[in-house]
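Subject: Structure handover

Hello,

Here is the structure I said I would pass on. My notes on it follow below; please read them with the model open.

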Amino acid sequence: MSFEPLFGKHKIFYGADYNPEQWLDTPEILEKDLELMKQAHCSIMSVGIFSWAKLEPQEGVYNFEWLDKVLDNLNSIGVKVFLATPSGARPGWMSKKYPEVLRVWDNRVRALHGGRHNHCASSPVYREMVKKIDTALAERYSHHPAVLGWHISNEFSGSCHCEYCQKRFREWLKQKYKTLDNLNKAYWSTFWSHTYSSWDEIESPSSIGESAVHALNLDWKRFNTELCMDFCKHEIDTVKAVNPALPVTTNFMEFFYDYDYFEFSKILDFISWDSYPEWHVYKDEEKIPVYTAMNHDLMRSLKGGKPFVLMEETPTCTNWRGLSKLKKPNMNTLGSLQAMAHGADNIQYFQWRKSRGSSEKFHGAFIDHVGHLDTRAGHEECELGAKLEKLGEIAGSLVDAKVAIVFDTVNRWAIDDAQGPRNCGKKYLEVCLDYYKALWKKGVNVDVIDETCPLDKYKVVIAPMTYMIRGDYAKRVEKFVQNGGHYVSSFWSGIVDDTDLCFLGGFPGPLKEILGIWDEEIEALGDDESVQVKSICDCTGFNRCFSATHLCALIHAQGAKVLAEYDSDFFKGMAAATVNTYGKGKAYYVASRLEESFIDALVGSILKENDIHGPIETLPFDVSCHTRYNDEYEYVFLGNYSSKAQTVLLPCECTDILNHNKSVSGQVTLEPYGSLVLKHKR
């Protein structure tokens with residue numbers, strides 16, 4: 001096992017998104033920035049993300065002198081740089097001279113200049129313009145001592161429906177299906193007389209045109225993932241042609257919907273993402289820590305468990321939420337250390353200094369409009385920087401996960417596009433979070449994978465609502481269970497293949513034999529409805545009733561043992577949860593969205609049978625515990641997400657890294673929103 005830090009140094013980098021181009025007419029502010037960066041213990045800045053208009057104020061006329069000075073000054077104080085390519089937002093001269101670079105929306109209306117992330121990824125002109133500016137940047141800076149890596153564009157998103165993109169889409173379909181006959185069969189296009197007789201008849205899905213062919217909708221999303229990857233790869237190839245050794249990333253977003261990140265991640269050297277949890281908005285204080293932790297685990301899992309970069313978070317608040325709450329004292333530190341616990345080797349904020357005008361002037365930043373760090377948030381920012389300097393030995397350490405949650409983007413698209421059985425909220429993500437939360441509460445490390453990922457490294461795989469069975473996934477599940485793995489499935493699984501055609505012969509399709517059930521039909525419950533479920537087997541740890549909501553699959557056990565059954569409504573007495581012994585392993589099926597206590601008990605039973613446990617046997621409510629490891633040590637991250645102090649009983653003597661490497665054992669106290677980073681010998 002390799003424990004190589006991301007950038008070859010045992011260092012947790014700390015910094016922000018820096019926009020010096022906004023302050024070129026006030027050089028005294030840029031000078032002050034250097035002093036403040038040292039005061040805050042900063043070691044990394046992302047530079048140039050939206051700088052194109054300053055870098056190329058007129059076509060072919062470059063202005064790099066200001067950036068030369070910025071990079072040299074940062075290097076002089078030991079601050080490294082992720083240098084961005086500026087393709088996320090074009091200068092106005094380009095949009096006016098070459099309107100084809102502007103995106104066409106699904107209603108076939110071309111965008112006006114403005115905003116960001118709204119270019120056409122197919123436009124030959126835009127690709128050429130991007131290549132020119134990227135080449136100029138790479139030739140000037142890719143060997144600069146401050147530059148640690150490339151930040152390719154920014155938060156790629158969306159799609160374009162122009163004729164360039166339509167043509168590329170048709171070519172993509174031709175390569176995939178070879179013949180129109182194959183495409184029509186896959187699309188079930190005899191429905192509503194939607195059969196295509198020419199490739200040229202195919203248009204991207206539109207609010208003013210075709211939107212009811214689900215396989216077309218899916219292919220459009222798959223195509224846009226590949227198109228955006230191709231555009232990003234165009235930029236990567238350009239900068240790597242000058243210096244192949246400089247690593248590249250682009251910043252991903254939380255549970256992102258537009259693209260399949262498991263595909264996208266293949267072209268990147270390391271993963272980075274932008275995390276903006278709504279801390280302190282919900283009464284359920286566990287909700288956001290769990291949601292954010294699962295995001296971190298997803299990002300780590302994209303590269304098979306390698307450490308990732310937290311490219312953006314806010315030190316105080318956002319300005320674009322419906323309610324932009326401030327982080328309470330210690331919350332900034334707790335959230336940053338949570339990212340580290342799940343695999344981050346780099347902590348950065350958006351932004352370094354608040355913009356004086358426009359839409360981000362009230363977004364949180366290291367430096368507020370007052371211009372110094374002598375603020376409530378500034379003090380915590382400086383303290384966190386000092387703490388991260390003590391945690392360098394953790395860089396490159398890994399997370400050991402014996403459990404995986406399957407959260408599949410393509411499956412998510414298909415679920416949401418399906419018309420029925422419940423169109424007032426399919427809640428795929430929420431159901432996945434139900435199971436993730438049960439693991440989080442026990443301090444069990446989790447990988448978040450999709451249907452394309454290997455399963456054999458895990459003891460337990462939990463795959464709720466696998467509506468779409470992609471490729472050879474069912475065969476790999478079968479092998480996993482036969483070889484001793486424990487697999488948990490749920491309602492609305494095994495319904496369609498990867499072209500969104502329903503399996504014939506009964507649901508859950510190719511999972512029927514593994515699960516030992518037949519899913520005959522499914523009942524949809526309104527948000528105010530519930531059904532009672534009665535446990536009839538002690539494997540859940542209870543002999544009582546539970547509430548079921550959302551969807552209720554009406555199943556028949558065909559070899560599986562019934563663990564619980566419905567206890568109300570017309571399907572009273574039918575199986576609600578089952579387990580099937582298959583080969584050396586077991587396959588579970590949970591037929592409805594059961595309440596938290598049932599999931600806790602079921603997951604706890606499965607973990608116990610597989611000898612999987614967190615480092616601390618009993619965790620208080622709202623306290624998390626997750627670990628990383630290297631050859632010598634296990635690192636234990638404890639976090640208190642509540643407004644009350646909490647005590648935790650340590651299982652062994654540990655070293656408190658942030659408290660002068662003091663030896664601690666027995667009970668330790670976590671202050672409100674407090675955190676500890678401990679280590680002990682493996």
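This is a predicted model: local features need pLDDT of at least 70, side-chain atom pairs count only at pLDDT 80 or more; totals for chains, interfaces and linings use all residues.

H14 itself covers residues 428–441, and its 14 residues reach 20 Å from the first C-alpha to the last, close to the 20 Å expected at 1.5 Å a residue. The helix is mostly covered, with 11 of its 14 residues buried. Among them are Tyr428, Tyr435, Tyr436 and Trp440, along with Lys437.

Helix H3 (residues 65–76) is also followed by a glycine: Gly78 has a positive phi, near 80°. The 12 residues of H3 should span 16 Å at 1.5 Å a residue, and the end C-alpha atoms are 17 Å apart, which agrees. Its buried residues are Trp66, Leu67, Asp68, Val70, Leu71 and Leu74.

Next, the strands. An open sheet of nine strands runs in the order S5-S4-S3-S2-S1-S9-S8-S7-S6, with parallel pairing. S5 (248–249) and S6 (251–253) are the edge strands; each has a single partner strand, so one side of each lacks a neighbour in the sheet. Within this sheet, S7 (residues 272–274) pairs with S8 (residues 308–312) in the parallel sense over three bridges. One of the residues involved is Ser272, whose bridge partner in S8 is Val309.

Strand S21 (residues 623–629) is a separate item. Seven of its seven residues are buried, so the strand is largely enclosed by the rest of the structure. In a regular strand, side chains alternate between the two faces of the sheet. In S21, Val623, Cys625, Thr627 and Tyr629 point one way, while Ser624, His626 and Arg628 point the other way, and all are buried. S21 runs antiparallel to S22 (residues 633–640), and seven bridges join the two. His626 has Phe637 as its bridge partner in S22.

The largest pocket has a volume of about 930 Å³. It is lined by 34 residues, and the closest to its centre are Phe50, Arg116, Phe350, Ser359 and Glu360. By type, the lining divides into nine nonpolar, 14 polar and 11 charged residues. Helix H2 (residues 52–55) gives the most to this lining, with three residues.

Regards

Note on methods: Residues are numbered from 1 along each chain as its sequence is written. Side-chain values use heavy atoms; hydrogens and water are left out. Two strands pair if DSSP finds at least two bridges between them. Helices (H or I, at least four residues) and strands (E, at least two) are DSSP runs, numbered from the N terminus. On a 1 Å grid over the protein atoms alone, a cavity is a set of points where a 1.4 Å probe fits but cannot get out, and a pocket is an open set with protein on both sides within 12 Å along at least five of seven lines; lining residues have an atom within 4 Å of a point. Grid points are joined across faces, edges and corners, and a volume is the space filled by probe spheres set on the points. Ala, Val, Leu, Ile, Met, Phe, Trp, Tyr, Cys and Pro count as nonpolar, Asp, Glu, Lys and Arg as charged, and the others, Gly among them, as polar. The expected span of a helix is 1.5 Å times one less than its number of residues. Buried means under 20% relative accessible area, exposed over 50%, partly exposed in between (1.4 Å probe, protein chains only).
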